[in-house]
Amino acid sequence: MTWLTAADLENEPAGERLAKLMAQPGIVRIPGAHNAVAGLLARRAGFECLYVSGAAVSGGMGLPDLGILTLEELCFQVRTIYRATQLPLVVDADTGYGEVMNVMRTVRELEAAGAAAMQMEDQVLPKKCGHLNDKRLVSSEEMCAKVAAARQARSHLKIIARTDSAESEGVDSAIDRLNCYVAAGADIVFADALTDATMIRQVTDGVSAPFMANMTEFGRTPHFSAQQFEEMGCKLVIWPASSLRIAAHAMEHLYASLAETGSTQQLTDSMMTRAEFYDLIGYFDYESLDESVARSAIP
């Protein structure tokens, strides 16, 4: 399979494919993929939808998740992941990359890049990870204007409205905000950094739209399984930065060992072989497209 041939491309809009997944019984499990290789591995494991985290994309560039990432940098990653996997992508668009008209452009650019859904939060720049302190919020009215603009601009993209208000304003305020965002046009809602099962259930019971849970590690939300989130009334769950965290830890071990021993031989059992990696990325599928390229022999 390659994205260079039309026969290998998905023709159904990504947003509609996400809607079909949500229409099925059970919770939609959405692991994060910080690059295309991570996306291919997730697809091979059987996942049908992926999450592109602003924090993971920023972190992969060596940048903090403070709204420094640009729209074009995000779209580049979305394009590469979608081209490689052809899976519906839920994309973290931070605060929408600006005000009303900027949000409309963000929607159009992300749809063109392959996104199935765009998540937008009600913070003021510089924004923060929802599990950190001192997050500053825009008014509900400002966020509703952005949501309405996104709805107007989209053709198939699903709009996910996130609130970070639970910590500073309380759960009731978070519920009120989310219901306002639904009235403005959001298809899915998301309240970040909820701290226990009771709080999660309170929000899912109080909001009139499918709820997306965030199972990020090392945050304010305790570890719950996908089944537990489903039992709390959630329709989708993301693991946004897990792939980046585990890859970074593995690379840290590689470089430390290489610096100490001057060799990678002791780590080859932990590596994907050349043949395995070529199979993952469809190397020979690409070669077969051009008869002038002789099939490579793997050493």
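1. The lining of the largest pocket has 13 nonpolar residues, five polar ones and no charged ones. Keep in mind that this is a predicted model.

2. The space in this largest pocket comes to about 700 Å³. The largest share is from α11, with seven residues.

3. Which residues lie nearest the centre of the largest pocket? They are Ala247, Ala250, Met251, Ser270 and Met272, out of 18 lining residues.

4. Now the aromatic rings. The count is four aromatic pairs. One of them joins Tyr278 and Tyr283, and this pair is stacked. The ring centres are 4.1 Å apart, with 10° between the planes.

5. Tyr278 also pairs with Phe284. Here the centres are 6.3 Å apart and the planes stand at 80°, so the pair is edge-to-face.

6. Is Tyr278 buried or exposed? Its relative accessibility is 17%, and buried means under 20%, so Tyr278 counts as buried. Phe284 is buried too. Tyr283 has a relative accessible area of 27%, so this residue is partly exposed.

7. Look next at Arg154. This residue is in the loop between α6 (140–153) and β5 (158–163). Arg154 counts as buried because its relative accessibility is 16%.

8. What does the side chain of Arg154 make a polar contact with? The partner is the side chain of Asp187, at 3.0 Å. Leaving aside neighbours within four places in sequence, Arg154 is in contact with Val107, Arg108, Glu111, Ile159 and Asp187.

Note on methods:
Residues are numbered from 1 along each chain as its sequence is written. This is a predicted model: local features need pLDDT of at least 70, side-chain atom pairs count only at pLDDT 80 or more; totals for chains, interfaces and linings use all residues. Side-chain values use heavy atoms; hydrogens and water are left out. Helices (H or I, at least four residues) and strands (E, at least two) are DSSP runs, numbered from the N terminus. Buried means under 20% relative accessible area, exposed over 50%, partly exposed in between (1.4 Å probe, protein chains only). A polar contact is a pair of N or O atoms within 3.5 Å; within protein, one must be able to donate a hydrogen and the other to accept it, and residues adjacent in sequence count only if both atoms are side-chain atoms. Contact means heavy atoms within 4.5 Å. On a 1 Å grid over the protein atoms alone, a cavity is a set of points where a 1.4 Å probe fits but cannot get out, and a pocket is an open set with protein on both sides within 12 Å along at least five of seven lines; lining residues have an atom within 4 Å of a point. Grid points are joined across faces, edges and corners, and a volume is the space filled by probe spheres set on the points. Ala, Val, Leu, Ile, Met, Phe, Trp, Tyr, Cys and Pro count as nonpolar, Asp, Glu, Lys and Arg as charged, and the others, Gly among them, as polar. Rings of Phe, Tyr and Trp (its six-membered ring) pair if their centres lie within 6.5 Å; planes under 30 degrees apart count as stacked, over 60 as edge-to-face and the rest as tilted.
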